[in-house]
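Subject: Structure handover

Hello,

Here is the structure I said I would pass on, with notes on what turned up in it. Please read the notes with the model open.

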Amino acid sequence: MAGLSRCSRLTLLRTHLTKAPLHQGPPGSLWKLGRLNHIAIAVPDMEKATALYRDVLGATVSEQVPLPEHGVYTVFVELGNTKLELLHPLGEKSPIAGFLQKNKSGGMHHVCIEVDNITAAIADLKAKNIRTLSAEPRIGAHGKPVMFLHPKDCDGVLVELEEA
């Protein structure tokens with residue numbers, strides 16, 4: 001790039017970056033990472049949080065649904081291109097109860113990303129020493145298999161994978 005003006009170098013770089021194919025997963029992978037399904041937010045007061053998104057911000061929100069097998073109540077907030085999942089503890093052993101003890105006003109709990117083949121994704125990730133929070137996938141709030149990845153292996157973020 002010697003001899004090119006700064007503007008020309010930026011144009012070449014921009015052209016290369018925008019035309020480079022986006023690669024999803026390792027070569028020959030049996031699974032692909034998909035779209036962001038939702039961002040989950042732990043809330044200490046489900047009615048207040050639901051009213052904020054519905055009444056103040058004008059979003060469409062679902063009914064509150066108990067998920068006893070996960071120890072949570074959920075409400076989904078539709079955003080057009082993704083969703084927010086409001087989480088509130090269901091029972092004293094709820095993982096959300098522990099989260100709210102440390103974060104009294106609530107906060108972001110996890111991100112959920114779709115995968116096309118959760119079984120292959122889990123096997124591949126375990127082979128790469130990524131820990132999961134359960135031995136097998138469980139059925140999540142959307143009626144599909146989900147698996148949570150250990151935050152210590154994901155740069156401090158609790159990641160939920162959901163089969164698309």
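Arg54 has a relative accessible area of 38%, so it counts as partly exposed. Please keep in mind that this is a predicted model. Arg54 pairs with Asp55 in a salt bridge, with 2.8 Å between the closest N and O atoms. Asp55 is exposed, at 52% relative accessibility.

The salt bridge count is four. Another of them joins Arg131 to Asp153, where the closest N and O atoms are 2.9 Å apart. Arg131 sits in the loop between α4 (118-127) and β7 (138-139), and Asp153 in the loop between β8 and β9, so this pair ties together parts 22 residues apart in sequence. Arg131 is partly exposed at 42% relative accessibility, and Asp153 is partly exposed at 23%.

A further salt bridge is formed by the side chains of Glu114 and Arg35, at 3.4 Å from N to O. Glu114 belongs to strand β6 and Arg35 to strand β1 (residues 33-42), so the bridge ties together parts that are 79 residues apart in sequence. With a relative accessible area of 12%, Glu114 is under the 20% cut-off and therefore counts as buried. Arg35 has 41% and is partly exposed.

Overall layout

The chain contains four helices and nine strands. Their order from the N terminus is α-β-α-β-β-β-β-α-β-α-β-β-β. Of the 164 residues in the chain, 37% are buried. Taking contacts between residues at least 6 apart in sequence, 54% join residues at least 24 apart.

Surface

The accessible surface of the chain is about 10200 Å², and carbon and sulfur atoms account for 58% of it. Leu52, Val56 and Leu57 make up a nonpolar patch on the surface, with about 300 Å² of accessible area together. Leu52 is in helix α2 (residues 46-56) and is partly exposed, with a relative accessible area of 37%.

Largest pocket

The largest pocket has a volume of about 570 Å³. It is lined by 29 residues, and Pro95, His109, His110, Phe148 and Leu158 are the closest to its centre. Elements that each supply at least two lining residues are β4, β5 (83-89), α3 (95-102), β6 (107-115) and β9 (159-163). Which element gives the most to this lining? Helix α3 does, with five residues.

His110 deserves a separate entry. His110 is in strand β6. Is His110 buried or exposed? At a relative accessible area of 3%, His110 is buried. Leaving out residues up to four places away in sequence, His110 touches His38, Ile39, Ala40, Glu85, Leu87, Phe148, Leu158 and Glu160. His110 and Val159 are 49 residues apart in sequence, yet their C-alpha atoms are 5.7 Å apart in space.

Cavity

How many cavities of 30 Å³ or more does the structure hold? There is one. The largest cavity has a volume of about 30 Å³. Its lining consists of His70, Ser134, Arg138, Val146, Met147 and Phe148. Strand β8 (residues 145-149) gives the most to that lining, with three residues.

His70 has a relative accessibility of 13% and counts as buried. Beyond its neighbours within four places in sequence, His70 is in contact with Pro95, Arg138, Ile139, Gly140 and Val146.

Regards

Methods:
Residues are numbered from 1 along each chain as its sequence is written. This is a predicted model: local features need pLDDT of at least 70, side-chain atom pairs count only at pLDDT 80 or more; totals for chains, interfaces and linings use all residues. Side-chain values use heavy atoms; hydrogens and water are left out. Buried means under 20% relative accessible area, exposed over 50%, partly exposed in between (1.4 Å probe, protein chains only). Contact means heavy atoms within 4.5 Å. Accessible areas come from the Shrake-Rupley method with a 1.4 Å probe; for residues, only the protein chains shown count as cover. Patches are made of residues with over 30% relative accessible area and no salt bridge: like charges are joined within 9 Å, nonpolar side chains (Val, Leu, Ile, Met, Phe, Trp, Tyr) within 5 Å. On a 1 Å grid over the protein atoms alone, a cavity is a set of points where a 1.4 Å probe fits but cannot get out, and a pocket is an open set with protein on both sides within 12 Å along at least five of seven lines; lining residues have an atom within 4 Å of a point. Grid points are joined across faces, edges and corners, and a volume is the space filled by probe spheres set on the points.
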